[in-house]
Amino acid sequence: MSGSPLVVIGHPRPPAAGRLRGVLGRLGVRNIMVVDGDGLAGALAAGTPQMLLLHAGLSGFGPELLAGLRTEAHLRDLPILVLGRFPGGRERAELLRAGATDLLARPLTLAELSARLSLHLENRRLDRSLQEVIRSLRNHHSDAVQRMALARDMQLDLLPDVTLCRSLERRYGIALDSHFESSSELGGDLWGARPIDDRRFALFLCDFTGHGVAAALNTFRLHALLARSDLPAGDPAEALRVLNGLLVGLLPETQFAAMIYAVVDVAADRLVYATAGAPKPLVRRSDGELEIGSSCGLPLGVAAEARYRNQCLDFPSGSALVLFSDALYEARGWDGQMFGYGGVTDLVRGLGDGGAPDRPLRCLLDRYFAAMPRLLADDLTVLWVSRTGRPASGPD
């Protein structure tokens, strides 16, 4: 603290401490206070010195004094050096246990005294510098954590909220459940859903390369592009073509996105979709049979001339559509083996064992993470859309 002594010397006869003052002066110490036993408490209460030198002949000196000093919070890490004659090892050990940092046993040459004091002063300076670095890093880390939490909240706000999901469920006679889990604070997955007309709604899932800040920025880019009013929302292949043309000019050269864009027609009991390097969609029938769609088309952002193709799957009432990012099947178990796409299809088929669960996605994930480590290497998104009944007439 400003104005506090750099070194405090506790000496039974302060005028006789000239030798110590001289050595400290040659080491560059300019701020020195010498006190007797009666003045020691006041000197230490005034501030925290860089070092405390105690003469063993000081009034009241002993293990109790050292132990008492160490109970003060501001003196807990203070270097305390004791100068004197120490006749036995037991006395030395007792002083060190009580709180002495070092014992300067007399007789002591000036060269040795200077070297010992220099060592402790330098250690103290390094310790204080290290504390400043640690304090600075902690402050920086705290700020970074707060900024990262804010960014994560902003990214989660890109996903459909409960109000939109419930509105889609009532309007189209569906149950929509989702799971989004990033492998770090921020992720590169994004999914969304939006109404088209009274019989159709669109659904998409996109997975950008990598994870973290760079991948998350790409999800914001895509979200902004999807908000464009001129995007052909009812034509999956054309929607992907337009998005690809825009992302080719926006994404860095090594980054791209796998995406599936689907349109559910609840009146025609049909799913029309197009893929850009995305995993194959699954449709689980009411009888437990599983239909696996196909996947073709380059990932978005790879080639400006890429074209995409619409494909169809029957999607009647009582069936369920399952979409997911590749993290679901590329994850490795405790044995190092990849879960695999076959593992996913077996998992979806197996949900019929023991009766259909009320929350199929939760059941799927519980079974999945019972066999797979929870520490994900990539961002994971899973969507489960069930056809539950006849849609309501018109929008809410």
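These are my notebook entries on what I looked up in this predicted model.

**Ground rules**

I worked on a predicted model in which local features need pLDDT of at least 70 and side-chain atom pairs count only at pLDDT 80 or more, while totals for chains, interfaces and linings use all residues. Residues are numbered from 1 along each chain as its sequence is written, and side-chain values use heavy atoms, with hydrogens and water left out.

**Overall form**

I began with the secondary structure and found 11 helices and 15 strands in the protein, taking helices (H or I, at least four residues) and strands (E, at least two) as DSSP runs numbered from the N terminus. I then looked up the radius of gyration, which is 36 Å and well over the 21 Å that the globule rule gives for 396 residues, so the protein is more spread out than a compact globule. That radius is taken over C-alpha atoms, and the globule rule is 2.2 Å times the number of residues to the power 0.38. Along its principal axes the C-alpha trace spans about 105 × 50 × 40 Å.

I noted next that buried residues make up 46% of the 396 residues, where buried means under 20% relative accessible area, exposed over 50%, and partly exposed in between (1.4 Å probe, protein chains only). The accessible surface comes to about 19,500 Å², of which 52% belongs to carbon and sulfur atoms; these areas come from the Shrake-Rupley method with a 1.4 Å probe, and for residues only the protein chains shown count as cover. Of the contacts (heavy atoms within 4.5 Å) with a separation of 6 or more, 67% are between residues 24 or more positions apart.

For the charges, I found that the mean positions of the 43 positive and 45 negative ones are 9 Å apart. Lys and Arg count as positive and Asp and Glu as negative, with His and the chain ends not counted, and each charge is placed at NZ of Lys, CZ of Arg, CG of Asp or CD of Glu.

**Helix α6 and strand β6**

In helix α6 (residues 162–172) I listed Cys165, Leu168, Glu169, Arg171 and Tyr172 as buried, and the buried residues of α6 pack against β6, β7 (189–195) and β8 (200–208). Just after α6, Gly173 takes a positive phi of about 65 degrees.

I then turned to Ser178, which sits in strand β6 (residues 174–181) and counts as partly exposed at 32% relative accessibility. Leaving out residues up to four places away in sequence, Ser178 touches Trp191, Leu361, Val382 and Leu383. Ser178 and Thr381 are 203 residues apart in sequence, yet their C-alpha atoms are 7.4 Å apart in space.

**Helix α7 and Asn218**

Helix α7 (residues 213–226) has 14 residues and reaches 20 Å from its first C-alpha to its last, close to the 20 Å expected at 1.5 Å a residue; the expected span is 1.5 Å times one less than the number of residues. Its buried residues are Ala215, Ala216, Asn218, Thr219, Leu222, Leu225 and Leu226.

Beyond its neighbours within four places in sequence, Asn218 is in contact with Phe208, Leu251 and Gln255, and the C-alpha atoms of Asn218 and Phe208, 10 residues apart in sequence, are 7.1 Å apart.

Gln311 lies in strand β13 (residues 311–314) and is buried, with a relative accessible area of 8%. I recorded that Gln311 touches Leu271, Val272, Tyr273, Thr275, Ser294 and Cys296, again not counting residues up to four places away in sequence. Gly343, in helix α10 (residues 340–349), counts as buried at 18% relative accessibility, and its C-alpha is 7.0 Å from that of Tyr329, 14 residues away in sequence.

**Loops**

His74 is in the loop between α3 (63–70) and β4 (80–84), and counts as partly exposed at 35% relative accessibility. Apart from neighbours within four places in sequence, His74 is in contact with Leu44, Gly47 and Thr48. I also checked His74 against Phe339, which is 265 residues away in sequence and 56 Å away in space, C-alpha to C-alpha.

Two backbone entries close the page. A cis peptide bond, with omega about 5 degrees, joins Arg106 and Pro107, and Pro107 lies in the loop between β5 (102–105) and α5 (110–156). Asp269, in the loop between β9 (257–265) and β10 (270–276), has phi near 55 degrees, a positive value in a residue other than glycine, and counts as partly exposed at 30% relative accessibility.
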